[in-house]
Amino acid sequence: MDSELKRLSEFDEKIQEIAQEFGLDFFPQEFDVIPAQKMLEILAYHFPVNFSHWSFGRDYEREKTQYEYGFGLPYEVALNSNPCRAYLINTNPIPVQVMVMAHVYAHNDFMKNNLHFKPTRRDILPSASEAAIRFQKYEKRFGPEEVERLLDSGLSIELNINPDFFIHEESEEEQRERLSTPSPVVVASGPYDDLIAPKKPDRPSLDYYNKKTPLEPERDVLLYIINHSPKPLREWQRDILSVLRDQSRYLMPQRRTKIMNEGWATLWHLRIMDRLFKERLLNEEEHGNYNLYNARVLATNPRTLNPYLAGLRIFADIEERWNRGRFGREWEECQDPKKRETWDLGTGQGREKIFEVRRSYGDRFFIEQFLTEKLVHDLNLYLYEGKQEQGEIRYVISERDWKQIKSLLVSHLSTFGTPLVMVEDGDYKGKRELYLKHSYDGVELDQEYREKTMEHIFYLWDRPIHLESMANEKKVVYTYDGTKHTTARRE
Amino acid sequence: MAVKKQEWELSQRGLKDAARHREKIKESIQKNIADIISDASIITRKKGQIVKVPIRGLKSYRFIYKQESSGGTGVGQGEGKKGDIIGRQPIHDGRPGQPGDQPGIDFLETEIDIEELIEMMLKDLGLPNLKKKAVAEAAIPKGWKFQSIEKTGVTSRLDRKRTLKEAIRRTTTFVGELMRRTGEPEEVCRKALEIAQGDLLRAEKILREENLPEEGQGFIPLFREDLRYRTLEKDVEYHSNAVVLAMMDVSGSMGTMKKYLARSFFFWLVEFLRQIYKQVQIRFIAHTTEAKLVSEHEFFHKGESGGTFCHSAYDLAIHLTETEYNPARWNIYPFHFSDGEDFEPAKTVSSARRLLQLGVNMLGYGEIQADPYSSSRLMATFEREFHLEKPHFRPGEFEIFSGTDPATPFIGAVLKDKSHVYLTLREFLKKDRPFGGKNHGFRTEAPQRI
């Protein structure tokens, strides 16, 4: 046992060395070797210790079944913390452990340097286990059903928060101030100033803003409810909801960089493993074993996009293009296939470019900017739809055109798969009803999920909930009043 | 060293929350149970077949885009051209957690068998009015009973049925996973798994390389994780005997739907009794204008035509009571199902009265009014003659009638659709139902073993 631990430590040092040589820049790295059960729990609960909920139990059971039946992936969990904490399953063979370690170092680098991770709380771990203890007390005091009911509802809108939380959070007072202060009237002074229409002080008065809530459409639905619910929420309930929000914010950077982060980690684990093999630190058999697991990581799935594979290919492609100078106007405009085929300006900026991309991009712009026609073909991407036929749902390829595939991906990624819903009015009809608005982007909301979610929001708000959206290209307002759902079409 | 072995106290959180999730699934099955149990595929299943009620994980509701399964669009990866099928998923109506979880978060499907279903739906139910009959033949010590099921044990206590069930459960999970990964239909995946002798990865390879032999056979071996063993515990309860007389109208006026409802009721009644009570005899009586004793198979599968004398069934029940089942020794439960189109209702009432006088524990009558055009109603006659009361009545709904004095332990139900089968079972098997609004000391402990 201890000799194995020793060997892992040696690998750790070696990997660290290679990683540094490659230019990766990471927090101090710590690995814990743990039993599989603990790993599965961390996967399901997102944290080493977290509060209880049946949905985590469900995920845990799913992970466990997959693990026990042997069709899970080589598990890796690297927490966004400083020092970066990661886990290894105590029963995994050495080559798998080494691969996971190499992979984790690149995650560590990514989380330390990517701009989306900059504002996150890297001290969340103790706070999650403290929350677990507090929630247990709430269960004793107010009943497990009450706590579960609240969690059910809170979790239903945990993703409806503002993902761009690194910008300064304005207090309501500041917001009111900003909105109600007329912008200074531009006095014509230069030769062209008369062409610019002077801005009229047409903003509503402070009085209007004293009554209006929220002052501007609010993207952080969960926060708005915590602060303004007329239910009213009790202290312990607000505590629980705040914990959900904090955890969701903590996990948000992972959600919006999934493809990049996994692609980046895969790119570097491949290169680090290659070096280890070349330096004969892994033998033939171990390398073969690694290849087997690696193939599973890179396997395609007919109904999802594999972020490890897609991210890897895109990063590799960027590196190659910037190495050969295959970017810029001249390249874009070149129509000669022969010329393109052999295009190599010896630019050699590949490495530099991928490090820059890993620093300043998120998935949406990553895909928008770097998913080329060739990559869409190489990755074998398609769009598919479900059709009900002969008593089953059949999923059928509906589109192979690369532009359409890319545009759907970009649109899904702009909201990280969660439709954008904002609070328009927290005092609708002057009766403190909640009016939400879905920013329609071409895809309708799922009805069953929408209705159930509105019921959850009702539980938190305790007054009728309205949701403006689109159905069949027409504006609709859905309402749930605590007993039934109604739909009103609007022109 | 940056690589450490952390001593974790193994928390039970995952297991506990998983159990809570299972419990919630059960709750939701219970809510839909009336639909599930009237599912034709269960009633008509072959003997010994496991009932597949696919259960998926409960959904976590949030705002999401329209699902691929309901016309939304997703991104996938692989070969194929426009129009090619890349995945399938069966549609199950009215089942919990169904259908269309997002791709990738499909819960592994599990199954439930009849025993579990019965346990869930008929919890706290039993034969009403059950009395201890103090005679020799009724007192049977049970000796040892199998207490719990464990994953380890000695070979002699291997529980074959449970082990097989585990294996089938695992196989189904594997097949589901293969379908999800490759998009091939269920039979193809099952075959590949058989050829690969249960090896999932090999099966996947076979499917991907499309070298599935036309004719091939194999079997899925048991895995060690499938094995289930029993533990023993001493059991010294005593029992009393009971007989159920299942009487069914199979005449021409009982159309397919009506027969289906009646059979459905008896199917569950029989399954339930066999599971709960160690010893219960069931006699099957089919009648048109004449009644006769038939085998269980005939009872459930054969239809006849012709007119209807319901009293013929009651007369046969009287005959059995007088010759084979002495009420001093036996708990007797006649249950009769008909559409109420009886040619001689007056005679039927007098035979039923005679049966009650003989001292049967309870007489249950179910009348199926599946179409609104039926002319005569036996239930109306019973109601009048026996002075029945209707404790729960909502117009146009399921109706229940009950005797009003201890000498008339009669319970009647009017069924109008499939979901009423479950309601009837619950009413007929209410253990402590008092007749006449008083408690007559018929209360029995739950669950009473006979």
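This is a predicted model: local features need pLDDT of at least 70, side-chain atom pairs count only at pLDDT 80 or more; totals for chains, interfaces and linings use all residues.
K429(A) sits in the loop between β6 (421–428) and β7 (433–438) of chain A. The phi of K429(A) is near 60°, a positive value in a residue other than glycine. Most residues other than glycine have a negative phi. K429(A) counts as exposed, because it has 11 C-beta neighbours inside 10 Å, and 12 or fewer is the cut-off for that class.

At one end of the order, β9 (residues 474–480) of chain A and β10(A) run antiparallel and are joined by six bridges.

Now step back to chain A as a whole. The chain has 491 residues, and 38% of them count as buried. Its secondary structure comes to 20 helices and ten strands. The C-alpha trace spans about 75 × 70 × 55 Å along its principal axes. Take the contacts in chain A between residues at least 6 apart in sequence: 72% of them join residues at least 24 apart. Chain A is divided into domain 1 (2–114 + 257–297) and domain 2 (421–490). The centres of these two domains of chain A, taken over C-alpha atoms, are separated by 42 Å.

H53(A) counts as buried, because 24 C-beta neighbours lie inside 10 Å, and the cut-off for buried is 20 or more. Leaving aside neighbours within four places in sequence, H53(A) is in contact with L151(A) and D17(B). P464(A) is 411 residues from H53(A) in sequence, and the two are 27 Å apart in space, C-alpha to C-alpha.

Some backbone details of chain A deserve a stop. N380(A) is found in the loop between α18 (373–378) and β4 (381–389) of chain A. N380(A) counts as partly exposed, because it has 14 C-beta neighbours inside 10 Å. Next come the peptide bonds, and most of these are trans in general. The bond that joins T213(A) and P214(A) is cis, with omega about -10°. P214(A) is in the loop between α8 (206–211) and α9 (221–228) of chain A. The bond from K231(A) to P232(A) is also cis, and its omega is near -10°. P232(A) has its place in the loop between α9 and α10 (235–256) of chain A.

The contact of H53(A) with D17(B) points to the other chain. In total, 64 residues of chain B are in contact with 77 residues of chain A. On the chain B side, five elements each supply at least two residues: β1 (3–5), α1 (13–31), β2 (73–77), β3 (85–90) and α5 (160–182) of chain B. The largest share, nine residues, comes from α1(B). By type, the chain B side divides into 23 nonpolar, 22 polar and 19 charged residues. β1 (residues 29–34) of chain A and β1(B) run parallel, joined by three bridges. Here V33(A) has K5(B) as its bridge partner.

Chain B has an open sheet of seven strands, in the order β8-β7-β6-β9-β10-β12-β11. Its pairing is mixed. The edge strands are β8 (291–294) and β11 (399–402) of chain B, each pairing on one side only. On average, neighbouring strands of this sheet are turned by 20° against each other, direction ignored. β6 (residues 242–249) and β7 (residues 281–287) of chain B run parallel, with seven bridges between them. Within this pair, A246(B) stands opposite F284(B) in β7(B). Helix α12 (residues 378–386) of chain B lies across β9 (331–338), β10 (363–368), β11 and β12 (410–415) of chain B. This helix runs at about 150° to β12(B).

Methods: Residues are numbered from 1 along each chain as its sequence is written. Chains are lettered from A and ligands numbered from 1 in the order in which they are written. Two residues are in contact if their C-beta atoms, placed from the backbone, lie within 7 Å. Helices (H or I, at least four residues) and strands (E, at least two) are DSSP runs, numbered from the N terminus. Ala, Val, Leu, Ile, Met, Phe, Trp, Tyr, Cys and Pro count as nonpolar, Asp, Glu, Lys and Arg as charged, and the others, Gly among them, as polar. Two strands pair if DSSP finds at least two bridges between them. Domain bounds come from an automatic or database domain assignment. Axes are lines fitted to C-alpha atoms, for helices over the stretch in contact, and angles run from 0 to 180 degrees between N-to-C directions.
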